[in-house]
Amino acid sequence: MFPSTSPDAGRETWPDGPRPGPTAPTRGQPPAPRTGPAVADGERRERGGPRRARRSGEPARRSEDDIDEPEEEVVPPVEVRRPLALTIAGFAALLGVGLVLGAQTSGPGHRLPFAFIVFGVQLLFVLAWAMAMRPPALLLVAGISAVVAALADVAAVRTDVAGLAPLGYLAAGGFLAAVLGQLVRRVDRVRVTDSLGATLLIVVGVVAFGTLIVLSRIPAGTQAITVCLTASGVALTVARLTDAVLPWPRLAPQVPRGAAGVVAGAMVGTLISALLGGYLVAPFTPTRAAVIGLVAAVTAVLTDLAVGYAEAGRLMAGEPPTMWVARHMQGPLGGFALAAPAAYAMCMLFL
């Protein structure tokens, strides 16, 4: 006797119990596709939530690793201050004029006036670079550098044969004395290895100015000083004046300098040295004067630019800014310091 059926007879009804699993596959027939366990609708919503269709043009969903990555911080460019650039240009021009006029006072048996002028520039160099770089035992390094500068000037004036060997010995001795003085103090001993470069630059820089006195004792050396220091002074001045008017294109956002000033300074300095070569006596010619002037001008402007990069690096590292006057005198002084041995080398090679 069959049970009675509802009026909706003929429709397939859902069984009350669970569905029977798939039967074992018979030999020669492929297995049925595997199906995962049945998941309730509420459990599915708790796990992932409802899926939403991505519209056209909408970016794909980012993973958690992409969300946690910090965005790259954009550093705003440093403002180029026009009055400051004009002031540095004026200082570079005055420094070049003083050194060139001092070289004209030098003569056989009459080197002391030029030596006093060079020693004054060396003291400015020690003050600016020591205050800007702040090596350990600052006063000790500055004092040793000043003593080395005085001894280098005396050696350049008093030696029988004009040469750079006494200056090299003094530079090495001054550097060793400054390093040993830093090692004596326990507080500064940890920072000595980090400040070797700063100490070396200060000591070698003051000795480099002494090469001008040695060069003034060589035939045609005074004329070489005039050509090289004029080219360097003009290059530094034009570069800073161009930065005050057109600091473009910027070489780095953190350095308030432009490539136009560097290139224009080197070109104008070379042109002025070539013009001077036409008025000087033999062995100078416009071509030779242009070559040695180009080397001196490029050396000066690149040193000034490198000082700007070093100052920007110290500020980005979190070091406190140094004395305002010393920080901005550092570039022109460094440019003339390296232009002096460049002038000596070019005089020995081309004249």
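Contact here means heavy atoms within 4.5 Å. The structure is a predicted model, in which local features need pLDDT of at least 70 and side-chain atom pairs count only at pLDDT 80 or more, while totals for chains, interfaces and linings use all residues. Residues are numbered from 1 along each chain as its sequence is written, and side-chain values use heavy atoms, with hydrogens and water left out.

Leaving out residues up to four places away in sequence, Gln223 touches Leu280, Val281 and Phe284. The C-alpha atoms of Gln223 and Phe284 are 8.5 Å apart, although 61 residues separate the two along the chain. Gln223 counts as partly exposed because its relative accessibility is 21%; buried means under 20% relative accessible area, exposed over 50%, and partly exposed in between (1.4 Å probe, protein chains only).

Turning to the whole chain, the protein has 12 helices and 2 strands, where helices (H or I, at least four residues) and strands (E, at least two) are DSSP runs numbered from the N terminus. The order from the N terminus is α-α-α-α-α-α-α-α-α-β-β-α-α-α. Of its 351 residues, 39% are buried. Among contacts between residues at least 6 apart in sequence, 75% join residues at least 24 apart.

The largest nonpolar core holds 63 residues, and Phe209, Leu212, Leu215 and Leu333 touch the most other members. Such a core is a set of buried Ala, Val, Leu, Ile, Met, Phe, Trp, Tyr and Cys residues joined through side-chain atoms within 4.5 Å. Elements giving two or more residues to this core include helix 4 (112-133), helix 5 (138-158), helix 6 (165-184) and helix 8 (196-216). Beyond its neighbours within four places in sequence, Phe209 has contacts that include Val118, Val121, Phe125, Leu333 and Phe336.

Of the 23 lining residues, Arg81, Leu84, Pro256, Glu311 and His328 lie nearest the centre of the pocket. Helix 11 gives the most to this lining, with 8 residues.

Conventions: On a 1 Å grid over the protein atoms alone, a cavity is a set of points where a 1.4 Å probe fits but cannot get out, and a pocket is an open set with protein on both sides within 12 Å along at least five of seven lines; lining residues have an atom within 4 Å of a point.
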